[in-house]
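Notebook, opened with the model on screen. I want the sheets, the helices lying on them and the nonpolar cores.

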Amino acid sequence: MKYFVILALVLFSTFAVAGKKAVTENGDVVILNDDGTWVYESAIPQSEAELQMNPGTFTKPDSASFKIKSGKTDANFWINPKKWKFEKNQDGNAPSEYTFQLKGEDLYAMAITERLAMNLDSLADQALENAKDAAPDTRIVKKEYRMVNGNKVIYLEMEGTIQGVKFRYLGYYHSNDAGVTQYLTYTGANLVKDYQDEIDNFLNGFMVAK
C-alpha cells in the first residue's frame, strides 16, 4: 500500500500551499499565490448553499487517551495509542505536522497546521480548489458545521481520483487567532464504510487548548 500512501500525500500536500494573506495599502485583503498571482479574498469561491449545523454530539471517546500537541497552533489531537501510530514530520517543508496510520490497516490521517489565520469557510473552499488541482474530478460528498468538543469546525468529505485510485478524504477544518488546523483521514473510497467507526473516533479526538 506504499503506492496508495504516496498518491494520497500528493493530494493532501496541496492543502498546505494555499495562498498567503496580505493587506493592501487600501485595506483590502488579498490572497498571494505561489506563482506570483493574487486575488481579492472576497473573490474566493464560497459554498453554493448555506452550511447547516449538525445537531449531533461530537466528543472525544474515552479510548482516545493519548494527547498529541501541535507545535504551531493551539490544537490537540487525542488518539487511541493501541490502535493508531503516529509520526511527527521533521521536515519543515512537509505538508503536515503529524501523520497517522491505523495499525495494520489501510486507513491514514494527517494534521496540517499553519499559524496563518484564515476565515473558516474560505479555508474549506480553498482546500477543495487545491484538491481539484491534483484530482480534477474531486467532488464534495458531505459538508456541514459541527461542534466538536466545544469548537466549531467544518466537516468536509471529498472524493477524487489520482492515477486511477479513488480516494475518500474526511476531515475537520478549524480556524482561530492561533492559526488553522486541517485534521484529515483518508482511505480508498471503497473502504470508508468498513472504517467509519474508526474515522469518527479519530476525528472526534480533535480539541483546542483552553
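The model is a predicted one.

**Entry 1. Helices on strands.** I looked up H3 with that convention. H3 lies across E6, E7, E8, E9, E10, E11 and E12, and its direction is at about 160° to E12. Helix H2, residues 120-134, lies across E9, E10, E11 and E12. I read its angle to E10 as about 10°.

**Entry 2. The seven-stranded sheet.** In what order do the seven strands of the open sheet run? I traced E6-E7-E8-E12-E11-E10-E9, with antiparallel pairing. At the edges I found strand E6 (84-88) and E9, each of which pairs on one side only. Between neighbouring strands of this sheet the average turn is 20°, direction ignored.

I then checked single pairs. E8 meets strand E12 (residues 179-188) through seven bridges in the antiparallel sense. Thr113 has Thr181 in E12 as its bridge partner. Strand E9 (residues 139-148) is joined to E10 by nine bridges, again antiparallel. Val148 is bridged to Asn151 in E10.

**Entry 3. Two turns with positive phi.** E9 and E10 make a hairpin with two residues between them. Asn149 sits in the loop between these strands and has a positive phi of about 50°, although it is not a glycine. I also looked at Gln163, in the loop between E10 and E11. Gln163, likewise not a glycine, has a positive phi of about 50°.

Gln163 is at 61% relative accessibility, and the cut-off for exposed is over 50%, so Gln163 counts as exposed.

**Entry 4. The three-stranded sheet.** I found another open sheet, made of three strands in the order E4-E5-E13, with antiparallel pairing. Its edge strands are strand E4 (66-69) and E13, and each pairs on one side only. The twist from one strand to the next averages 30°. E4 and E5 are joined by four bridges in the antiparallel sense. Phe66 stands opposite Ile79 in E5.

**Entry 5. Nonpolar cores.** I listed the largest nonpolar core, which has 25 residues. Which of its residues touch the most other members? They are Phe77, Trp84, Phe100, Tyr172, Tyr183, Phe202 and Phe206. Two or more residues come from each of strand E5 (75-79), strand E7 (98-102), strand E8 (108-114), strand E10 (151-162), strand E11 (165-176), helix H3 (192-203) and strand E13 (206-208). H3 gives the most, with five residues.

I picked out Tyr183 and took its contacts, leaving out residues up to four places away in sequence. Among the residues Tyr183 touches are Phe77 and Ile79, Phe100, Met110, Leu170 and Tyr172, as well as Phe202, Leu203 and Phe206.

Methods. Residues are numbered from 1 along each chain as its sequence is written. This is a predicted model: local features need pLDDT of at least 70, side-chain atom pairs count only at pLDDT 80 or more; totals for chains, interfaces and linings use all residues. Side-chain values use heavy atoms; hydrogens and water are left out. A nonpolar core is a set of buried Ala, Val, Leu, Ile, Met, Phe, Trp, Tyr and Cys residues joined through side-chain atoms within 4.5 Å. Buried means under 20% relative accessible area, exposed over 50%, partly exposed in between (1.4 Å probe, protein chains only). Contact means heavy atoms within 4.5 Å. Two strands pair if DSSP finds at least two bridges between them. Axes are lines fitted to C-alpha atoms, for helices over the stretch in contact, and angles run from 0 to 180 degrees between N-to-C directions.
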